[in-house]
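Me: I have a model open and would like to learn to read it. Where do I start?

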Amino acid sequence: MSFQRVFAVTDLKNGRFTSAEVMGVDLCFTIKDGEVVCLENSCSHMGLPIDRAEIKNDGSFECPWHGFAFNIEGGRCKTYPVYSIRTFETKIEDGDVFVRVDEGS
Ligand code: FES
């Protein structure tokens, strides 16, 4: 599947998520050290949205619902590793953010 344009990179904020639906998948994006990170906007614990979470300087955040701790890098769950969140490949081109959502997602 090819990359899809989502929004301008200026729409992203350090320490916060910005959500968008791409090809029917609810996603959330943030930027850290100039890199765009994209996770599924669905906590792998109970499927509730994570986009209200505050992201700490080390890239970790807590799910706003039951407090499971994750890292934006790889969506790894620090509380229970089996609960890691799916991540998606991104790129920045000409000031816009693009994401690749695999078929069948
Ligand atoms: S839904 Fe995220 S910790 Fe429960």
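Reply: Start with the sheet. The model is predicted. Strands of a sheet pair through backbone hydrogen bonds, either parallel or antiparallel. Here 6 strands form an open sheet in the order β1-β8-β7-β4-β3-β2, and the pairing is antiparallel. Its edge strands are β1 (4–8) and β2 (18–22), each of which pairs on one side only. On average, neighbouring strands of this sheet are turned by 35° against each other, direction ignored.

Me: How many helices and strands does the protein have?

Reply: The count is 0 helices and 8 strands. Along the sequence this reads β-β-β-β-β-β-β-β.

Me: What does the radius of gyration say about the protein?

Reply: The radius is 13 Å, close to the 13 Å that the globule rule gives for 105 residues, so the protein is as compact as a globular protein of that length. The C-alpha trace spans about 35 × 30 × 20 Å along its principal axes.

Me: What share of the residues count as buried?

Reply: Of the 105 residues, 25% count as buried. The cut-off is 20 or more other C-beta atoms within 10 Å. Now look at contacts with a separation of 6 or more: residues 24 or more positions apart account for 39% of them.

Me: Back to the sheet. How do I read the pairing of β4 with β7?

Reply: Look for bridges. Strand β4 (residues 35–40) and strand β7 (residues 87–93) run antiparallel and are joined by 2 bridges. C38 stands opposite F88 in β7. L39 has T87 in β7 as its bridge partner. Keep one general idea in mind while you look at side chains. In a regular strand they alternate between the two faces of the sheet.

Me: How many bridges pair β7 with β8?

Reply: There are 5 bridges, and the sense is antiparallel. One of the partner pairs is E93 with D96 in β8. The hairpin of β7 and β8 has 2 residues between the strands.

Me: Which residue in that hairpin takes a positive phi?

Reply: D94 does, near 50°. D94 is not a glycine. Its place is in the loop between β7 and β8 (96–100).

Me: Is D94 buried or exposed?

Reply: Count the C-beta neighbours. D94 has 8 inside 10 Å, so D94 counts as exposed.

Me: Where is M23 found, and what is its phi?

Reply: M23 is found in the loop between β2 and β3 (25–32). M23 has a positive phi of about 50° although it is not a glycine.

Methods
Residues are numbered from 1 along each chain as its sequence is written. This is a predicted model: local features need pLDDT of at least 70, side-chain atom pairs count only at pLDDT 80 or more; totals for chains, interfaces and linings use all residues. Two strands pair if DSSP finds at least two bridges between them. Helices (H or I, at least four residues) and strands (E, at least two) are DSSP runs, numbered from the N terminus. Axes are lines fitted to C-alpha atoms, for helices over the stretch in contact, and angles run from 0 to 180 degrees between N-to-C directions. A residue is buried if 20 or more other C-beta atoms lie within 10 Å of its own, exposed if 12 or fewer, and partly exposed in between; C-beta atoms are placed from the backbone. The radius of gyration is taken over C-alpha atoms; the globule rule is 2.2 Å times the number of residues to the power 0.38. Two residues are in contact if their C-beta atoms, placed from the backbone, lie within 7 Å.
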